[in-house]
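Visitor: I have the structure open and would like to go through it piece by piece. Can you take my questions as they come?
Guide: Go ahead.

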Amino acid sequence: MSQSTTQRVESLTNTDAWQAVCEQRDLVSNSGVVVWHDGAQVALFYLPGVHGKTLYAVDNHDPQSGANVIGRGLVGSLKGDLVVASPIYKQHFRLEDGSCLEYPQQRLRVWPVRLNGGVVEVGVA
């Protein structure tokens, strides 16, 4: 992926305020990295081999166990959705919208995220 300043990867919602949280070189391909943003731990997942969107930002807090572990979860595809499996109870969360496939009442918060000239930026609420 080019690091030009014009290339951006954004989530479904746009925002006017962005905060730089790390550089693209800090990300680990096909894995999670956790950053502090807007008072919360945010798990960033960088999936450069996937067509379309390649960067996702979800809450690092697992609602079932109460532990901050989502960034350590395994990323994969399940029922046609990109998901992360919680490392403790193994429930699957959709990276696109944070919904849990096994427990619909559970949900991870999702942030707008983009690459901007080699810098990872997360939308400010």
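Visitor: How do β3 and β4 pair, parallel or antiparallel?
Guide: Strand β3 (residues 40-46) pairs with β4 in the antiparallel sense, over five bridges. Strands here are DSSP runs of E, at least two residues long, numbered from the N terminus, and two strands pair if DSSP finds at least two bridges between them.

Visitor: Which residue stands opposite phenylalanine 45 in β4?
Guide: Tyrosine 56 does.

Visitor: Before I go on, what sort of model is this?
Guide: A predicted one, where local features need pLDDT of at least 70, side-chain atom pairs count only at pLDDT 80 or more, and totals for chains, interfaces and linings use all residues. Residues are numbered from 1 along each chain as its sequence is written, and side-chain values use heavy atoms, with hydrogens and water left out.

Visitor: What pLDDT does the chain average?
Guide: The average is 88, and 86% of the residues score at least 70. pLDDT is the predictor's confidence in each residue, from 0 to 100.

Visitor: Where does pLDDT stay under 50?
Guide: Over residues 1-13, for which the model has 35 contacts beyond four places in sequence. A contact means heavy atoms within 4.5 Å. Where pLDDT is low, the predicted coordinates should not be read in detail.

Visitor: Back to the strands. What is the order in the open sheet of three?
Guide: The order is β2-β3-β4, with antiparallel pairing. β2 (31-37) and β4 are the edge strands, each pairing on one side only. From one strand to the next, the twist averages 30 degrees; axes are lines fitted to C-alpha atoms, and angles run from 0 to 180 degrees between N-to-C directions.

Visitor: How many helices and strands are in the chain?
Guide: Zero helices and nine strands.

Visitor: Now aspartate 59. Where is it placed?
Guide: Aspartate 59 is in strand β4 (residues 55-59).

Visitor: Why does aspartate 59 count as buried?
Guide: Because its relative accessibility is 19%, and buried means under 20% relative accessible area, exposed over 50%, partly exposed in between (1.4 Å probe, protein chains only).

Visitor: What does aspartate 59 touch?
Guide: Leaving aside residues up to four places away in sequence, aspartate 59 touches Gln41, Ala43, Ile70, Leu108, Arg109 and Trp111. The C-alpha atoms of aspartate 59 and valine 110 are separated by 6.4 Å, although the two residues are 51 apart along the chain.

Visitor: And what does the side chain of aspartate 59 reach at 3.2 Å?
Guide: The backbone nitrogen of histidine 61.

Visitor: Different topic. Where is serine 86 found?
Guide: Serine 86 is in the loop between β6 (81-85) and β7 (92-94). Serine 86 is buried, with a relative accessible area of 0%. Its contacts, not counting residues up to four places away in sequence, are Asp62, Val69, Ile70, Gln91 and Phe93.

Visitor: Last one, β9. Why is it largely enclosed by the rest of the structure?
Guide: Because four of the five residues of β9 (residues 119-123) are buried.

Visitor: How does β9 pair with β1 and β8?
Guide: β9 pairs with strand β1 (residues 18-23) in the antiparallel sense over five bridges, with cysteine 22 opposite valine 120. Four bridges join β9 to strand β8 (residues 113-116), also antiparallel, and valine 113 has valine 122 as its bridge partner in β9. The hairpin of β8 and β9 has two residues between the strands, and glycine 117 takes a positive phi near 60 degrees there.

Methods
Polar contact = N/O pair within 3.5 Å; in protein donor to acceptor, adjacent residues only side chain to side chain.
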